[in-house]
Each structure stands twice: as structure tokens, then as C-alpha cells.
Amino acid sequence: MKATRFLVVCAAAAMLFASCAHDDGIIRTPTPARPAGQEDMIQFRAEPIENVGVGIVGVGDRGSGAVDRLTYVPGCHIAAVCDIEPDRVQKNIDLLASRGQIATPYSGSDEAYKQLCEDPAVDLVYICTDWLHHVPIALYAMEHGKHVAIEVPSAETLQACWDLVNTSERTRQHCIILENCCYDFFELTALAMAQAGVFGEVIHAEGAYNHNLDPFWNGYWHNWRLDFNQTHRGDLYPTHGFGPVCQALNIHRGDRLTTLVSMDTDPFNGPKLVEQRTGKPCTDFQNGDVTMTMLRTAKGKTILIEHDVMTPRPYDRMYQLVGTDGYAGKYPVEEVCLRAEMPEDVNYQDLDFEKVYTGAELEELMAKYPNPILTPELKAMAEEVGGHGGMDFIMDYRLMYCLNHGLPLDMDVYDLAEWCCVTELSRISLQNGCKPVEIPDFTRGAWDRVKGFSYAFAE
Ligand SMILES: NC(=O)c1ccc[n+]([C@@H]2O[C@H](COP(=O)([O-])OP(=O)(O)OC[C@H]3O[C@@H](n4cnc5c(N)ncnc54)[C@H](O)[C@@H]3O)[C@@H](O)[C@H]2O)c1
């Protein structure tokens, strides 16, 4: 126990040393200079790949789902499967064989992924391991000439975010975050509506990962997820709520994140989970049951994100867009609100003066703003194959489509870094009495070059 406390104190001291508060009270972290000769990856296009050879690393729950799903996605095939556990690899190789696909198995050690990354049949390394293995695998893959796609959250530290940015820029390999929630039907349509100006100017947004993980805690390989919560404070899973709203706010496409402030509750339920597991008292649990983070942008917009995986609160990614003239919200009931004509006799007992669209009326309104990627054919395919209702399939479909045609991907390495850096920056804020922390510009000056989020299409 003493050793754990000592490590926590050392880690906090190291962070304070690396980051420092200025006269304005804002804590800043260092931004490494872009190495000479290295260029940014904004709108980067790689050579088209006709039939993408996918190498999957980590075939636990999520990775096995990806293997299954990718067999239905056009423009790709699974060339290799890797996991430390040989039986997990075999199960997936068997599934592929039952669908007429032959993939090379790699397993038996935590470095078997290196052989997969060196396999010439692999074009894209698709990483679905526990969080701590994401980055070493991604860096090795890019160094060996492979594009990488990394499950969420892709990186846990600021250093890891910078390493991914620098390696992607230097090796000219794509590094995409697999943020499936950017592809859910409501988010896709609300984004199209925001871009059409239906809500006026979007000035505030909210997102969350509020998910009661009670039934899941015991299923993770070697208990990695609870261990990480036990040893780390901060928003550990920011991207489901944050990614989609960053797209609606054009982050690093005309605006950029500048500052965040976080606050959390004490850990109330976390220690009980450890005690149930070990039968011993737990006094060093770090992650608060509820963590909230507020962020501000260069153009004066704000975002609120929440993280709660410990309480029986209903599942909620919030997804709220607040515009000068309208609002979209997904939970608990999907609705859009727009300004209404005021009646002559206003009843001040009424608390709502806007026009609310729900149900069939909402469907009719949203049908006027189709997201350009969501063709009727793709929607039908996604609903049939599934994966969180279809959004996983749409994400994979778009990834392969862009690689097939040599197009910029929907999400780039800067999205990955901006969305994932919240984990460490929120911790820095919390460990310094909720002080504001500057959010680095991972594009190093290129955040304003492209105006507005958009999808790329083949000519
Ligand atoms: N986007 C989503 O909706 C969503 C949903 C669930 C999980 N996830 C993410 O997917 C990832 C995996 O989660 P999971 O629930 O499948 O975890 P899991 O514990 O079920 O599986 C992790 C797997 O990684 C393997 N692994 C670990 N280190 C490895 C290495 N060095 N080489 C090869 N294999 C290795 C383990 O053997 C295990 O099979 C996590 O990042 C998680 O956050 C995302």
C-alpha cells in the first residue's frame, strides 16, 4: 500500500514538473516542436488500396465483433488475427474459415503483434486490445508501413497523443480513432442539420459516457478496466460523448479547443468493486464515480462532458447541440426544438416556449436533412449487419471506402489526440484543485486551414 501511495505521489510530482501554472492561473503542458521536414496530416490522402488487408490485434469481446462485422464490409478482407490468447485467435480463424476467408494467426506472446505488423498481406492494423496496449502496437505498425485504426479511447496520456501525431506525420500513415458514436443515426442527421444552419450557430454542446458497467466488470481480460479505474483519476472514456459534438463544432476545422476544467465526486462505488473482487479493503481507488469536464474553444463556444460508469444511472451519451436558434438532444428522448411564434397571450405558467419536434414530426423534419454518407443502401446494410444498432458497420464501411479511394479519412490523428487528451488533462485539473488547463494545439498551427467538418467522396 505504501508503495502504491509513493507511486501516486511520484506520478503527480512528475506531472506538475512537466506542466506549470502561469500568472493567469492556467496550467500549460509543453508542445513539442514539429521535427524539421515533417508535415501535418490535415486532409492527408494515401495511395488507394483496392482490397484492404486488415490485421486485427486483440480479439476479446470488441475485436471478435469487429472480425464478424468486417466480413460483411465491402473493399476489405481480414488477412491476419492476433491475440495473446491462442484460443481466442483460433475461434476467430474458424469463424473466418466458415465464411470462406483464410487469415494468418499470430499469438502466444504479448509481442506476437509485431509479426502481424510485419506481414506484407496487412495494410491496416485494427487494434482492439485493452487500453495500455493500444499505443505501442499502433506505433510499431506505423513504423512498419501500416495504417492504423485504434479502438476508443485510443491513447491514455498526453505523451501517447504526441507520439501518435508525430509518428503518423513522419511515416505518412493514417492513424484513425474508431469512434463509432460519430456514426449513429441521430448524430449523423443532427450534424447535417447543424451544417445546414437549422440550429443557427451551434454555441454549446454536451456529451457523456454514462453507462452502468455492473454486468461487464468481470468480463475484461485480466481485469484491465477496473485496474485502470483504480489507478487513474479523470475522465477515462471521453470520446463517445465528445467526438460527435467536436465534429458539429468544427474542431480543428475553423475552431479549436483552448481550455478545460474538471471536477469529480469521490470514489464511492469503485472501492466496493475492488473489495468484492479481492475480499480486502480498498483505500487507494482513484477514479471518482462521476467526473465532469467543461471545455472552451477559441471562438467562444463551450462543451460539457461527463463520465459515470459506476452508478445505476440510465445509459446516456447526452449528445446535445445548443444553437442560437435551435436545439437537438438525443437522451432520454430524441427531440429537436426550434424557435416558435409567440402567442398573443403568453401563459407565463408555461415553462417551454419553443416548438418541440418528437416522434413522427421529428422523423419528418430530420428526413429533410439526410447526412450525405447515409445512403438508403448503406442504412439498410447497417441495420442488417448491426453492431450497436448499425453505427459500427457504418464506421467500418466509411474507413474502407476512404482507403479504397485514397481519400482523407473522416477522423484524423488530430481528432484522436484532441478527444483522448481529455483523460490526462482532466486529471491534471483535478489534481490541482480544478484549475483550468490549456489544451494543446496538436495541429501545431493548422487548425484553421480547413473550414468546416466534411466527408470526402470519390469523384
Ligand atoms: N467503441 C465501442 O463501442 C467499444 C465497445 C467495447 C469496447 N471498446 C474498446 O475496445 C477495446 C477492447 O475492449 P474489450 O471489451 O474487447 O476488452 P477484452 O478484455 O474483452 O479484450 C481485450 C483483448 O486484447 C488482448 N490483448 C491484450 N494485449 C494484447 C497484445 N499485446 N497483443 C494481442 N492481444 C492482446 C487480450 O488477450 C484480450 O483478448 C478497448 O479499448 C475498449 O475500450 C469499444
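Me: How many salt bridges does the rule count here?
Reply: The count comes to 26 salt bridges, where a salt bridge is a side-chain nitrogen of Lys or Arg within 4 Å of a carboxyl oxygen of Asp or Glu. This is a predicted model, in which local features need pLDDT of at least 70 and side-chain atom pairs count only at pLDDT 80 or more, while totals for chains, interfaces and linings use all residues. Residues are numbered from 1 along each chain as its sequence is written, and side-chain values use heavy atoms, with hydrogens and water left out.

Me: Which residue meets aspartate 392 in a salt bridge?
Reply: Arginine 69 does, through its side chain, at 3.7 Å from N to O. Because arginine 69 lies in helix 2 (residues 61-70) and aspartate 392 in helix 13, the pair ties together parts that are 323 residues apart in sequence. Helices (H or I, at least four residues) and strands (E, at least two) are DSSP runs, numbered from the N terminus.

Me: What are the domains?
Reply: The assignment, which is an automatic or database one, gives domain 1 as 37-178 + 374-409 and domain 2 as 182-373 + 414-429. Taken over C-alpha atoms, their centres are 25 Å apart.

Me: How many residues are in contact between them?
Reply: Domain 1 brings 35 residues into contact with 29 residues of domain 2, contact meaning heavy atoms within 4.5 Å.

Me: And what area is buried there?
Reply: About 2,900 Å² is buried between domain 1 and domain 2, and carbon and sulfur atoms give 74% of that; buried area is the accessible area (1.4 Å probe) that two parts lose on being put together, summed over both. Trp131, Ile177 and Leu374 supply 24% of the area that domain 1 buries against domain 2, more than any other three residues.

Me: How many salt bridges are between the two domains?
Reply: The count between domain 1 and domain 2 is zero.

Me: Okay, which element gives the most to domain 1's side?
Reply: The elements giving two or more residues to the side of domain 1 that touches domain 2 include helix 5 (131-143), helix 6 (158-171) and strand 8 (175-177), and helix 6 gives the most, with five residues.

Me: How confident is the predictor?
Reply: The mean pLDDT, the predictor's confidence in each residue from 0 to 100, is 95, and 96% of the residues reach 70 or more. Over residues 1-17, however, pLDDT stays under 50. Where pLDDT is low, the predicted coordinates should not be read in detail.
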